[in-house]
Amino acid sequence: MDDLILRLAPASLWLAILWCVETFVGAPAPNRFRHGFVNLSLAAINGVLLFFTFGALSIWVCTVSPVVTESPFVFLHSVACFFALDLFSYCWHRLNHSVPALWRIHSVHHSDAQMDVTTAGRFHALEIAIGALLRLPVLYALGVSTITLVAYETTLVLVSMFHHSKLNLGVYDWHFRLITASPLMHSIHHSCDPRDYGSNFSSVLSLWDRVFSTLRLTERPLKHGLEGSCPESLGSLVARPFVADPNSADNHPMHRSGGG
Ligand SMILES: [Zn+2]
Ligand SMILES: [Zn+2]
């Protein structure tokens with residue numbers, strides 16, 4: 001429990017800072033508190049459920065990996081593992097947009113028409129659990145250390161809050177996207193416009209969108225969410241992947257446009 005509190009502290013502080021900043025940029029939506037409450041409730045339930053199960057399993061796999069790194073190379077190995085974990089996140093994210101069954105689950109995240117810092121916590125528990133399971137062989141094969149895994153996951157949460165926030169960095173956005181997935185990049189990823197489908201999958205490092213030619217930038221105003229998005233409630237978000245709704249799960253941006 002102490003570990004959970006320790007890992008929650010930077011995320012909570014960063015959330016509070018970005019929430020306050022969002023208050024002063026643009027007009028906050030009238031139902032902002034209810035919207036944020038639903039997203040953060042989902043994040044809190046997922047956090048408690050998954051930290052003690054798949055989170056603990058991931059840490060255990062790190063400790064039993066037979067890969068041993070000699071002391072002069074520990075730092076280099078950690079950096080390489082950090083990159084590898086982020087490459088896995090990129091591939092997992094693309095898979096979520098390519099496989100219809102996975103899209104049904106990932107659509108919970110994309111159904112947010114009011115994208116803000118709290119959208120960073122709006123994921124279905126199944127998406128996190130399946131992703132964590134698929135990552136276990138990577139952790140084992142690379143011998144990722146516990147500290148590298150914790151450092152990566154903490155960075156992922158902080159960067160995810162940053163690029164989901166309403167921060168409009170204007171001409172300064174490109175400074176950030178040289179290294180990381182910027183708010184503009186991720187805002188385009190959530191766009192309803194077919195021209196934006198299949199772009200900007202990077203989680204932490206923007207490098208992967210450049211390497212795999214999925215980086216897309218535009219200056220025009222963007223609309224977020226999915227057609228026929230379900231009413232905003234905790235129950236509807238949890239049930240969304242299992243509800244036969246042609247306006248939600250089948251409304252897959254890339255499937256509908258035939259893109260990749
Ligand atoms: Zn996505
Ligand atoms: Zn997102």
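A: Start with a definition: helices are DSSP runs of H or I with at least four residues, and strands are runs of E with at least two. The model is predicted.

Take one stretch with those terms in mind. Residues 37-61 are 100% helix and 0% strand. The end C-alpha atoms of this stretch are 34 Å apart. An unreviewed UniProt entry lists residues 37-61 as a transmembrane region, along with 6-25, 73-92 and 132-152. Residues 132-152 give other values: 86% helix, 0% strand, and end C-alpha atoms 13 Å apart.

The unreviewed entry also lists a domain, "Fatty acid hydroxylase", at residues 79-214. Over that span the chain is 62% helix and 0% strand. The end C-alpha atoms of the span lie 24 Å apart.

Now the metal site. Which residues coordinate the zinc ion (ligand 1)? They are His93, His97, His106, His110 and His189. Each one uses its NE2 atom, at 2.1 to 2.2 Å. Along the chain, the donors follow the spacing H-x3-H-x8-H-x3-H-x78-H. The site joins distant parts of the chain: His93 sits in helix α3 (residues 74-98), while His189 sits in helix α8 (residues 183-189). These two residues are 96 residues apart.

Are His93 and His189 buried or exposed? Both are buried. That term means under 20% relative accessible area.

Finally, look beside the ion. The zinc ion (ligand 2) is 5.5 Å from the zinc ion (ligand 1).

Conventions. Residues are numbered from 1 along each chain as its sequence is written. Chains are lettered from A and ligands numbered from 1 in the order in which they are written. This is a predicted model: local features need pLDDT of at least 70, side-chain atom pairs count only at pLDDT 80 or more; totals for chains, interfaces and linings use all residues. Side-chain values use heavy atoms; hydrogens and water are left out. UniProt positions are given in the numbering used here, feature names are shortened, and annotations may be inferred rather than shown by experiment. Donors are N, O and S atoms within 2.8 Å of the metal (3.2 Å for Na, K and Ca); water is not among the atoms, so sites may look incomplete. Buried means under 20% relative accessible area, exposed over 50%, partly exposed in between (1.4 Å probe, protein chains only).
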